Amino acid sequence: MADVLVICEVKDGKLKKSSREALTIGRQLAAAAGGSLNAFACGSSAAAAAAEAGSFGVATLHVAGDAALDAYASEHWTSAAKFAVEASSAAIVVMSATSAGRDLAPRLGARLGAGVASDVVALEWADGKLRARRPVYSGKAFATVEIGSNPAIATCRANAFPAEATGAGACEVSNLAWSAGDTKAKLVAVNVPETTEVSLADADVVVSGGRGLKETANYAMIHDLAHALGGATGASRAIVDDGWVDHHHQVGQTGRVVSPNLYIAIGISGAIQHLAGMSSSKHIVAINKDGEAPIFRVADLGVVGDLFQILPPLIEEIKKAKAH
Amino acid sequence: MNSIVCITQVPDTETRIKIGGDGRSIDETGVKFVVSPYDEYALEEAVKIREAKGAGDVTVVCFGPERAQSAIRDCLARGATKAIHVIGDSLRADSLGIAKVLAAVIRSQPHDLVFVGKQGVGTDNSLVGPMLAELLGIAHVTVVTKLEVGDGKVTAYRETEIAEEVIECSLPALVAAQKGLNNPRFASIKGIMAAKKIAIESKTLADLGLAEGDVYETRVKVVAMELPREKPAGRKIDGSDPVAAAKEIVRYLHEEVKAF
Ligand SMILES: Cc1cc2nc3c(=O)[nH]c(=O)nc-3n(C[C@H](O)[C@H](O)[C@H](O)COP(=O)(O)OP(=O)(O)OC[C@H]3O[C@@H](n4cnc5c(N)ncnc54)[C@H](O)[C@@H]3O)c2cc1C
Ligand SMILES: Nc1ncnc2c1ncn2[C@@H]1O[C@H](COP(=O)(O)O)[C@@H](O)[C@H]1O
């Protein structure tokens, strides 16, 4: 028997989508390991997420409600999460591989002497051990790792585990006796870019452009298409290096790794380093005038043609279809 | 100001990956090994700080097999002033094991800043940095795109999904470098010549008072490695009639992707 603790992120009293995904796989692991599913959330609105956590099958939500935990801070979150791991006597600790989760999991792992598997795309409980499947070499291979420590920690890649609630359920709230101590690092400011754009990390749809767009002004077409689909905009490194778009938009090995439901690559050749950032997307559409471009090897729908001719009618047709 | 830069040697990113005979690692035959790309940003930042202050050491620390020596030499040619090579099969170590090795080395070296890369390219873990900081009992900041060094403290700019966090840390602190932090230099002939005169200090786990069981496959073990499952070939359509192509894309998005 092994109990599971899912470390959740709560915003304005609601669970983030990535945390709902982590809870879903956490519930499956708890069932397989014959243990219970518990969760941890922190910050002043954490307790408000109890009903929602209950609907995902959580028995007890461990809460550290101190406002010092509202924004992610590695030292505070590590010490609060350790309280929750101990209070829940979890043998399996799961969280999502968000920027907070990626930063927290290793620090918590070292504090607990625990093994960590990061950015996993599958998890199972087998022979009393946690087994994880994770992409390595930028997705050119997959490793299966076994975590033998107690607890075993894993961070889950976004969109790899579909979120499914089980219906309303009672969830107990247990307040942890955690209070903020001194820290060596202090968050002094958060600069939020002034944009109404959808963020790449959790977008369902990503539309990316590359050097085939010819010049910076034409990137506006990528915005238009992304806007029509309610998606985020991405880019190849070639046009980021040329200064057409900010590097926050770069998809690939040295940029962001995305795995949305739909990825559209426009005028992108599909270099291995670009594929590393997007090939695990569910549906991939590519438009490229070169029928031999490597992007077509991963595309579910490949259109061999001139982007300048295809994009205008495409944006029109999407708007028409959505108006129906 | 003394900096430590932890570097790992990895297959060049262009490498075609083949699975090794043991079924749980890659076949290293013919693979070209390089300094992990994010570690180049880490090194450059440490070297820049040393140049600005006109004093202090930049010590490269690497836990890896014999072949990693060429990566260490490369770092010395790009401005590091000292190097420590802990010889061992780092691919069999788990991340906490690697962090233990690095911590054992760093504890005995003067250090104001410890640099790592955002992730080791290849294993793609992003684990060693925060683990090492925890073992050293110092603050860490990951995914850093800008660093300002002040008096007894640093200000690090951390990239998150949606924003940029500005974090102030007392020293010593650990910083995990992200692309954008700087533009790494290439090794100059002069640098390569100067590097040849620097002795690389070599150590074993036993020298550090560590047992194999502390480091190798203790908590996390790779049990299998395989190539990605082949995706069924997609459909390719001719876009020479743009309107027809646009209509087909829209049908696909609507009926198969259910994008709207
Ligand atoms: C260490 C390292 C890390 C890297 N990391 C990344 C990364 O994170 N992300 C990344 O993207 N790249 C990365 N790269 C760069 C990568 O190797 C490629 O150089 C880059 O992805 C190419 O960008 P591109 O596809 O936009 O340009 P190109 O390769 O120049 O391709 C342009 C494409 O547009 C098509 N095209 C031209 N005109 C039209 C038209 N009118 N209609 C339709 N199609 C048209 C062409 O057929 C061509 O296929 C990295 C490289 C290295 C060495
Ligand atoms: N064997 C090693 N020796 C020295 N530094 C390492 C080693 N492995 C990882 N690192 C450092 O830790 C960073 C993150 O690696 P990883 O956690 O493996 O993704 C790397 O970019 C290096 O700076």
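**Figure 1. Salt bridges between chain A and chain B.** In this predicted model, seven salt bridges are counted between chain A and chain B, a salt bridge being a side-chain nitrogen of Lys or Arg within 4 Å of a carboxyl oxygen of Asp or Glu. One of them joins B:Glu159 to A:Arg256, whose closest N and O atoms are 3.4 Å apart. Residues are numbered from 1 along each chain as its sequence is written, and chains are lettered from A and ligands numbered from 1 in the order in which they are written. Because the model is predicted, local features need pLDDT of at least 70 and side-chain atom pairs count only at pLDDT 80 or more, while totals for chains, interfaces and linings use all residues, and side-chain values use heavy atoms, with hydrogens and water left out.

**Figure 2. The extent of the interface.** Contact, meaning heavy atoms within 4.5 Å, links 86 residues of chain A with 73 residues of chain B. The area buried between the two chains is about 6900 Å², and carbon and sulfur atoms give 56% of that area; buried area is the accessible area (1.4 Å probe) that two parts lose on being put together, summed over both.

**Figure 3. Surroundings of ligand 2.** Among the 19 residues around ligand 2, those that come nearest are B:Cys6, B:Asp39, B:Phe63, B:Gly120 and B:Leu127, where a residue counts as near if one of its heavy atoms lies within 4 Å of the molecule. An oxygen atom of ligand 2 is 2.4 Å from an N or O atom in the side chain of B:Asp39, and a nitrogen atom of ligand 2 is 2.7 Å from a polar backbone atom of B:Phe63.

Terms used. A polar contact is a pair of N or O atoms within 3.5 Å; within protein, one must be able to donate a hydrogen and the other to accept it, and residues adjacent in sequence count only if both atoms are side-chain atoms.
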